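Please go through the points below with the coordinates open.

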Amino acid sequence: MSQRTYNQLWADAQLELSRLLIEELPAEPPRPEKDRVVFFQRLAMLYVRYIQIFRQLEKVYDQSVHPQKRRVIRATLDGVIGRVLELKNEMVEKEFSEYHYMDDVLHDLKLTPADLEIPIPRYFISDRSKELQERQTMLTDIMKMMEVTESPQPLITKDMSQEEAIKIIQMAERARQGRLRATLKEESRNMNRMYVTKDPGAAAIELAIVCIQKVWRGYVHRKRTKIARDEEMIFLGMIMDPKYQVPCPAEITAQANEACTRIKQEEHDKDYQKSVVAVTNQLRDVEGSDMSNTMKTQIRQWFIECRNATGSFPDYPDEEDGGSAFIFAEKNPQQLMEEIAAKEEEEANNKPKGKEEKKEKGKKDKGKGDEEEEEAGLKMLPSAFLSDLEVQNKNFADFWQNRDESRNFNQRHEVELIKEEKRKVIEAEIRLQVDEQMRQELAELKLTVDKDKGGKTKGNAKKKKGSKSGKKKKKEKDLTSDRTLESLCQELVEQGLLKQANEVRLQDFLGDYSYLGTTLRQNDIEPMPSLSDVRQVLSLYAVLPLGSQVVHEKAPLIKAILLAGPAGVGKKMLVHAICHETGANLFDLSPLTTAGKYPGKSGLAMMLHMVFKVARLLQPSVIWIEDAEKMFYKKVPKEEKELDPKRLKKDLPKSLKLIKGEDRVLIIGTTKDPLSADIKSLCKMYSKIILIPRPDYGSRYILWKQLINKQGGDVTRALDLSSLAKISDGYTPGHLVRVVQSVVTKRRILLQANRPLTAAEFVAPLAKIDPIFQEEEEALKNWYAKTPLGKKRIKAATGKDEEVAPVKGKSAKKKEKK
């Protein structure tokens, strides 16, 4: 697509965003909604519409070339991502479930389930390609050094017993005799054919001709029937036309154009950065002195006006208040003096607050709270992104919407825009220098003119004393201050705590949409989430916050996620996919990995310090804990006592508390047996618990098809995928992968032309594997019901929370007395 098309797509996205902002920021605040269903419908509608804007803006940002436009789009895109995460968090709090089913919303907006998929922005990787490449080379170099330093193990010859040697010789001899016997039989068959062949008569020739005709006509008719059936199915839209299965020339050229566009982006961005430096230096040299002089004259004029109005020189505003920028507000000198005096009075009044005033205020607040709670219903939570989105939308409407770009066909940067931006930056720099000079000048004026009225510096001294009270936070001790980042990384790699993530995409976690979710919930049945729902939730909770620093700082903070599910459902794959999609480093703090390493309390503290220090320096980072239940065992098994799996139980939660909004570090635990752990301590550690079930029918159908194709097999009419999906109920994706690999071998791929794959071939190896039985899944479901969110969901389903919620304040105390 051309740049004009992307500009139009941007304009459409901004138009839809402006409509949403009008709905979300009305002139009068909306009344609280008492009906939970109606409130959730509103949230779901906003969520789906924001996802569509997110999808459009991501596409525009990926393919736009104009460097200044891309920065504006990026800011809007980050705001939209953050708002999507806020709405998701609000839906979870209102519906008490991590998974939501919005079939009615999709129907109203005329969308498909594919439109609900969370797009993963490509700039997570593309904008950090150089940085990621450097990290990759550093890790590979460390790996190579380890391979060189490791001493090769000598070849050990095992002593073989006489019986084993005889068995091997017998096997080889029997194989040799079998081959000889096969060749002799083939030779004898060929000799018999030579003797049997006789001159056929006329009747035998006619019979042979008729036989050949029958076979040929049957073959031709079957072929024509198959072609006619395929044409009909293509016409009905039941199967894909073969010419569309292979990428057509138009798709290939489109992909090539996208690659060329990204190269253009880099070139235009380099030119823009050079132009920014040149324009900044030019403005500083040409306009810097004029700016400084005008500021000084304005400030001196203010000094004189204040003295004429009040009889004394004013106090110079502090840097915290904005310095001289506070003076240039459109106000009279008298008003400015009044504001400064009012501020000083407020500071003086705020300090000596007595206990009586606090108690009176507390009583008043409590009384108001009770009245509000009685009247209140469901309200939207305050947003950290709506104000930013409003500013960006206004910027687009005022500046970019009607801008004439007929002369800028190549979408290069505009110098005038750079000048407007950098003038403000240079003005702020010069203002700091001017403020320092004018403070000295004001002090000299006060000494020379207002000798009798000196000593107004007490207020400043008080402020300085007040500023000291803020220094209460203790800095963390850096146990490795004398070591470089490379040395720390090398040690972590050697100990197996820092690993390379596999190249797996989140899209490779295959699964179908849950089409019965809404129906089941309407009938008061809690559905098991589909694999598509799991993929969507992890995109929201892990990938989007880790990928963007702005989003991570402002969005609801998620520090730790627990993936619970039976073995083989793809928990480990999801961890690697999150790392690959965001370019995150993978740290492994699993109990089996850390066993025997860094012994003692000091060693444990050093290990955690090193891991979290490197994780913060090389953001984003994922800290993976496999078999997370072992850390919180109710009772440690005898065979695992030597490994000491609970050694991180106390120290790791303490390190988790130190993660802040600016630290893009996420802890992901995986467990296949959460029932063996203490549920309270496990839920304290992991704020989000995601249950991954065995795949449903739709997901199994997709898995069979994709896995067979990936292995090299052809899915033909002879292969009944529907039956395979039906009989494989209870089997995990890991089981299906093992079965496909055992059946679709290299030899079987070669035989496909004559003997296509059938469903019966997969049944025998599938029957050898034990499935995940219904009882095991029910046990996981019951365990999840004991988690905090599971308990809230049960209360909401039974209606207990609706009965308990309004009973607050005085009425609650009366009930307690009874």
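1. The model is predicted. Asp 644 sits in the loop between β4 and α24 (651–657). Its phi is positive, near 50°, in a residue other than glycine.

2. Tyr 598 is not a glycine either, and has a positive phi of about 50°. The residue lies in the loop between α22 (591–594) and α23. Tyr 598 is buried: its relative accessible area is 14%, and buried means under 20%.

3. Check the peptide bond from Gln 619 to Pro 620, which is cis, with omega near -5°. Pro 620 belongs to the loop that runs between α23 (600–617) and β4 (621–626).

4. Helix α19 (residues 531–547) and helix α21 (residues 571–582) have axes that come within 10 Å and cross at roughly 40°. That angle makes α19 oblique to α21. The crossing of the two helices is right-handed.

5. On the α19 side, the contact is made by Val 534, Leu 538, Ala 542, Val 543, Leu 546 and Gly 547. Helix α21 contributes Leu 574, Ile 578, Glu 581 and Thr 582. Sorted by class, the contact of α19 with α21 has 7 nonpolar, 2 polar and 1 charged residues.

How values were computed: Residues are numbered from 1 along each chain as its sequence is written. This is a predicted model: local features need pLDDT of at least 70, side-chain atom pairs count only at pLDDT 80 or more; totals for chains, interfaces and linings use all residues. Side-chain values use heavy atoms; hydrogens and water are left out. Axes are lines fitted to C-alpha atoms, for helices over the stretch in contact, and angles run from 0 to 180 degrees between N-to-C directions. Helices (H or I, at least four residues) and strands (E, at least two) are DSSP runs, numbered from the N terminus. Angles under 35 degrees count as roughly parallel, over 145 as roughly antiparallel, 65 to 115 as roughly perpendicular and the rest as oblique. A crossing is left-handed if the near helix is turned anticlockwise from the far one by less than a right angle, and right-handed if clockwise. Contact means heavy atoms within 4.5 Å. Ala, Val, Leu, Ile, Met, Phe, Trp, Tyr, Cys and Pro count as nonpolar, Asp, Glu, Lys and Arg as charged, and the others, Gly among them, as polar. Buried means under 20% relative accessible area, exposed over 50%, partly exposed in between (1.4 Å probe, protein chains only).
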